[in-house]
Amino acid sequence: MSDQEFLEYVQSGGQVEATDELPADYRAKLIKFIEMHGNSELMGVLPEREWILRAPTLQRKLALTAKVQDEVGHSQLIYRVVEDLGKPREQCLDDLISGKSKFHNVFHYPTKTWGDVGVIAWLVDAAAIISQKALLKCSYAPYARIMKKICWEESFHILHGRDVILTLMNGTDDQRELVQEALNRWWGPLMQFHGNPIAKEEDPMYVWRIKSQGNEEARQQFLDGYVPQIWEDWDELKSVVTGHGPKSQDRLDLRRMARENSAWVRQVVLAEAA
């Protein structure tokens, strides 16, 4: 089919395989897009890997190790898709190391505290999965297929990150400050995560239906889904620490009753001591 017929086919929801004849521009766009994804998965392990030995508990070490292993596995799957399109894995790695090819903006920043680990696993991975779910309908079928496994594992990573954040938020003032400080630093990169504000009709990746969502649409979906969750954490914390938790009154009543019932003991002991 002609390039125009191919374009109309993929825009109508059609998918193609590695063995199909692909327009040169489409193949080039696929390689560039998927290679950057593979680079990002590989480079994305580095900010978290630094914290494996510094994780606060053995359980946290194991969870973070498993997450890092998942991300490396994702990169290998993705590079395999790029190889089928004609670019060898070794060349992908050479171009990454030389700086010729790119990796995602969020993986250019340092992880300064354990709070960063929680924010990355919860919010950065949440932003990632919004983009990745838009790839499940990719016009290039091999890429869409591997995204099923990757999205499933990333969904688990988000739960891990949320657990880290909630544990810190229910800890000490210093632990809560770790979360707030990390969130402040990561908010800018998170807002840039889904790319520049190009109209989706002008984005070649959307036109070829490599991705099925525009940048602004993805960014807004992230904001709609996660800003309420961020406020929910703070509102719940404020409610709980001011005595309005689900068991606050029951436990205070129990402690009050125990104190009242044992008052005579303290009176007797104190009288004898006097």
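Helices are DSSP runs of H or I with at least four residues, and strands are runs of E with at least two, numbered from the N terminus. The structure described here is a predicted model, in which local features need pLDDT of at least 70, side-chain atom pairs count only at pLDDT 80 or more, and totals for chains, interfaces and linings use all residues. Residues are numbered from 1 along each chain as its sequence is written, and side-chain values use heavy atoms, with hydrogens and water left out.

Val-269 lies in helix α12 (residues 263-273). Val-269 is partly exposed, because its relative accessibility is 49%. Val-269 also belongs to a nonpolar surface patch with Trp-264, Val-265 and Val-268. Together these residues have about 380 Å² of accessible area. Such areas come from the Shrake-Rupley method with a 1.4 Å probe; for residues, only the protein chains shown count as cover. Patches are made of residues with over 30% relative accessible area and no salt bridge; like charges are joined within 9 Å, and nonpolar side chains (Val, Leu, Ile, Met, Phe, Trp, Tyr) within 5 Å.

Arg-89 is placed in helix α5 (residues 89-98). Its side chain makes a polar contact of 2.3 Å with the side chain of Gln-76. A polar contact is a pair of N or O atoms within 3.5 Å; within protein, one must be able to donate a hydrogen and the other to accept it, and residues adjacent in sequence count only if both atoms are side-chain atoms. Neighbours within four places in sequence aside, Arg-89 is in contact (heavy atoms within 4.5 Å) with Gln-76, Tyr-79, Arg-80 and Glu-83.

Nine aromatic pairs occur in the structure. In one of them, the ring centres of Trp-187 and Phe-222 are 6.2 Å apart and the planes stand at 40°, so the pair is tilted. This pair links distant parts of the chain. Trp-187 sits in helix α8 (residues 173-192) and Phe-222 in helix α10 (residues 215-244), 35 residues apart. Rings of Phe, Tyr and Trp (its six-membered ring) pair if their centres lie within 6.5 Å; planes under 30 degrees apart count as stacked, over 60 as edge-to-face and the rest as tilted. Trp-187 is partly exposed at 27% relative accessibility, whereas Phe-222 is buried at 1%. Trp-122, Trp-187, Phe-222 and Tyr-226 form one aromatic cluster.

The whole structure contains 17 salt bridges (a side-chain nitrogen of Lys or Arg within 4 Å of a carboxyl oxygen of Asp or Glu). One of them joins the side chains of Arg-60 and Asp-163, at 2.8 Å from N to O. Here too, distant parts of the chain are linked: Arg-60 is in helix α4 (residues 58-84) and Asp-163 in helix α7 (residues 141-169), 103 residues apart. Arg-60 is buried, at 11% relative accessibility. Asp-163 is partly exposed, at 39%.

Another salt bridge pairs Arg-176 with Asp-173, with the closest N and O atoms 2.4 Å apart. Both residues are in helix α8 and three residues apart, so about one helical turn separates them. Arg-176 is buried at 15% relative accessible area; Asp-173 is exposed at 59%. Lys-211 and Asp-203 also form a salt bridge, their closest N and O atoms being 2.9 Å apart. Both Lys-211 and Asp-203 are buried. Elsewhere, salt bridges with shared partners join Glu-48, Lys-67, Glu-71 and Asp-125 into one network.

Technical notes. Buried means under 20% relative accessible area, exposed over 50%, partly exposed in between (1.4 Å probe, protein chains only).
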